[in-house]
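Let's take a walk through a protein together. Keep the picture in view as you read, and look up each part when it is mentioned.

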Amino acid sequence: MKKFSLLGTGLIGSFYAMSLHGQRRRDVIHNVCSIPAESAKEFAHKWNIPKYTTSMKEAIEDPETDIVIVALPNYLHKEAILMACRAKRHVLCTKPLAMNAAEAKEVLDAVEKAGVFHGYLEDLVYTPKTLKAIEMVKNGSCGRILWTRSREAHSGPHSAWFWDKKQSGGGALVDMGCHCIEIGRSFIGKDIKPVEVMCWAETQVKPIEAEDHAIALVKYENGAVSQVEVSWNFRGGMDLRDEVSGTEGTIRLDHWLRTGFEMFTTGSTDKYVSEKTESDAGWLFPVGDEVHALGYPHMFTDMLDSLEQNKMPKETFYDGYVVNAIIDACYKSAATKKWEPVELIGWRGKEGISSSVELIEFDETHFLIKKEKMPDGKIKLMLKEKSTGNIIQKLIN
Ligand SMILES: NC(=O)c1ccc[n+]([C@@H]2O[C@H](COP(=O)([O-])OP(=O)(O)OC[C@H]3O[C@@H](n4cnc5c(N)ncnc54)[C@H](O)[C@@H]3O)[C@@H](O)[C@H]2O)c1
């Protein structure tokens with residue numbers, strides 16, 4: 001059994017508590033920190049947590065604590081992580097790891113120097129559907145991955161600090177683009193280097209300095225592209241979707257709005273339906289088990305198993321740093337309106353991968369472009385002549 005000090009009792013602190021205490025689990029939150037004291041006390045009471053405090057230091061330095069979970073607003077992640085390093089506590093941090101890549105590198109260096117276990121709590125690569133999809137991609141079912149699309153959109157976040165760039169580090173990109181980027185990396189291969197990005201980011205609707213809508217393309221060294229779509233202006237709930245396209249297959253995942261669970265109600269139920277649902281009458285899209293649909297239980301299982309087995313979890317602070325570096329490049333590109341390089345200090349994956357097209361041999365004189373069965377049952381072939389480069393078609397019965 002491991003004991004956690006949980007810092008922050010807001011939306012994500014609640015999801016973490018539901019995941020860790022909601023069913024019959026082995027590991028427990030035994031100290032919780034939040035302000036004001038009343039919120040910490042209420043949370044402790046609700047989740048049967050023996051200690052609560054308003055002092056981060058006290059929660060981190062609690063002698064019974066094995067692991068600190070950082071579930072605080074973005075501007076406090078660095079302070080909390082550095083404090084955990086000084087106290088030699090293992091530390092798990094929610095997304096985004098930091099406000100920007102420089103901060104992310106600082107906390108990555110700090111955990112590595114302190115020799116503590118570190119995990120980046122990117123839940124959306126741990127949803128049961130995503131875990132299975134990644135396994136299918138890794139076993140070659142989709143061939144070479146060419147393109148991924150990850151979309152997260154809703155009507156905007158639930159606390160004031162998210163909307164203030166000085167406290168969050170940015171808008172929808174830093175808040176939700178971090179998920180989409182890591183999902184793209186997970187399908188394309190986390191050892192494949194992200195090289196450059198093109199990004200559009202605007203403040204379309206909300207009276208804020210940060211962007212409330214953004215679309216980015218992240219180009220990888222092997223030629224794959226990951227498309228990232230985020231919005232705080234999307235109406236009708238939370239749109240959480242991923243797509244993968246490879247030379248041999250395609251995957252489509254819908255995590256929230258069209259999962260197969262749809263219900264209609266004429267009257268206002270005045271009850272919570274699911275995260276970011278905007279209506280409680282009409283056609284609704286409830287989610288059966290939110291914490292599993294969002295990946296939290298599998299994420300904590302990987303973190304705790306890895307700690308016990310003395311290995312790295314699937315998501316580490318290094319991954320958090322790569323994600324922050326890609327986001328920094330997105331902001332640069334949105335300003336310059338050009339492709340901008342992803343600047344990474346100390347890339348740990350593969351180098352020098354080719355993005356050239358693999359030719360499919362048809363016969364001695366042709367490469368195969370495509371084969372299609374036509375309505376009359378005949379097969380049409382598109383071929384390229386090796387000697388001339390001419391493209392021809394051939395009909396076979
Ligand atoms: N899917 C996800 O992984 C996911 C989802 C939502 C939020 N998050 C991340 O979790 C973090 C928190 O977001 P949230 O939605 O829970 O925010 P929130 O506003 O709902 O909660 C923030 C919590 O931090 C506490 N807090 C703030 N300042 C504090 C201080 N000085 N000392 C102690 N406690 C303090 C508040 O009391 C509150 O309990 C952010 O980094 C956010 O990006 C992750």
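We will go from the domains to a sheet with its helices, then to the ligand and a hairpin.

What you see is a predicted model, in which local features need pLDDT of at least 70 and side-chain atom pairs count only at pLDDT 80 or more, while totals for chains, interfaces and linings use all residues. Residues are numbered from 1 along each chain as its sequence is written.

The protein chain is divided into domain 1 (3-121), domain 2 (125-341) and domain 3 (366-396), with bounds that come from an automatic or database domain assignment. Between the C-alpha centres of domain 1 and domain 2 there are 22 Å. Domain 1 gives 32 residues to the contact and domain 2 gives 30 residues; two residues are in contact if their C-beta atoms, placed from the backbone, lie within 7 Å. On the side of domain 1 that touches domain 2, the elements giving two or more residues are α1, β5 (90-94), α5 (101-114) and β6 (118-121). Such names are DSSP runs numbered from the N terminus: helices are H or I with at least four residues, and strands are E with at least two.

Now find the open sheet of 7 strands, which has mixed pairing and the order β12-β11-β7-β10-β9-β8-β15. Two strands pair if DSSP finds at least two bridges between them. The edge strands, β12 (250-254) and β15 (340-341), each pair on one side only. Strand β15 joins β8 (residues 194-202) in the antiparallel sense over 2 bridges, and E340 in β15 is the bridge partner of V197. Helix α12 (residues 317-336) packs on the sheet, where it touches β8, β9 (213-220) and β15, and its direction makes about 55° with that of β8. Here axes are lines fitted to C-alpha atoms, for helices over the stretch in contact, and angles run from 0 to 180 degrees between N-to-C directions.

Next, look at the ligand. Which residues come nearest? Of the 22 residues around the ligand, they are G8, G10, L11, I12 and S159; a residue counts as near if its C-beta atom, placed from the backbone, lies within 6 Å. Helix α1 (residues 11-21) gives the largest share of this shell, 3 residues.

Finally, turn to the hairpin. Strands β17 (residues 379-385) and β18 pair in the antiparallel sense over 6 bridges, and K384 stands opposite I391 in β18. The hairpin has 5 residues between the strands, and G389 takes a positive phi near 85°.
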